[in-house]
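This briefing goes through selected features of the structure shown below, grouped by topic. Please read it with the sequence at hand.

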Amino acid sequence: MARRKKEKKSVWRLWVDTERRVVSFHPVPDGTWELLSFQSRELFQSCIDHYTEQGYRYQ
């Protein structure tokens, strides 16, 4: 019987500063940023689309 490899679950993360309307794809040391984590790529992309429509900039 063949052993199945453990599938590694991907997690996508965003840090958002709603005051300055900025989204970062990297950890931000400033404690005012909100961390959002997604286990679904589709939900992650939907969130990116939402912030783009709202005029957020990315770093």
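Phe44 is buried at a relative accessible area of 12%, where buried means under 20% relative accessible area, exposed means over 50% and partly exposed lies in between, with a 1.4 Å probe and protein chains only. The model is a predicted one, in which local features need pLDDT of at least 70 and side-chain atom pairs count only at pLDDT 80 or more, while totals for chains, interfaces and linings use all residues. Residues are numbered from 1 along each chain as its sequence is written, and side-chain values use heavy atoms, with hydrogens and water left out.

**Aromatic rings**

- The whole structure holds five aromatic pairs, a pair being rings of Phe, Tyr and Trp (its six-membered ring) with centres within 6.5 Å, called stacked when the planes are under 30 degrees apart, edge-to-face when over 60 and tilted for the rest.
- One of these is the edge-to-face pair of Phe38 and Phe44, with 5.8 Å from centre to centre and 70° between the planes; Phe38 is buried, at 9% relative accessibility.
- Through ring pairs, Trp12, Phe25, Phe38, Phe44 and Tyr58 are linked into a cluster.

**Sheet and helix**

- Four strands form an open sheet in the order β3-β1-β2-β4, with mixed pairing; strands (E, at least two residues) and helices (H or I, at least four) are DSSP runs numbered from the N terminus, and two strands pair if DSSP finds at least two bridges between them.
- The edge strands, each pairing on one side only, are β3 (34-38) and β4 (57-58).
- Strand β2 (residues 22-24) runs parallel to β4 and is joined to β4 by two bridges, with Val23 standing opposite Tyr58 in β4.
- Helix α1 (residues 41-53) packs on the sheet and touches β1 (12-17), β2, β3 and β4, contact meaning heavy atoms within 4.5 Å.

**Ser24**

- Ser24 lies in strand β2 and is buried, at 3% relative accessibility.
- The Ser24 side chain reaches the backbone oxygen of His26 at 2.9 Å.
- Apart from neighbours within four places in sequence, Ser24 is in contact with Leu14, Trp15, Trp33 and Gln59.

**Salt bridge**

- The count is one salt bridge, defined as a side-chain nitrogen of Lys or Arg within 4 Å of a carboxyl oxygen of Asp or Glu.
- Arg20 forms a salt bridge with Asp17, their closest N and O atoms lying 2.7 Å apart; Arg20 is partly exposed at 48% relative accessibility, whereas Asp17 is buried with a relative accessible area of 5%.

Methods
Axes fitted to C-alpha atoms, helices over the stretch in contact; angles between N-to-C directions. Polar contact = N/O pair within 3.5 Å; in protein donor to acceptor, adjacent residues only side chain to side chain.
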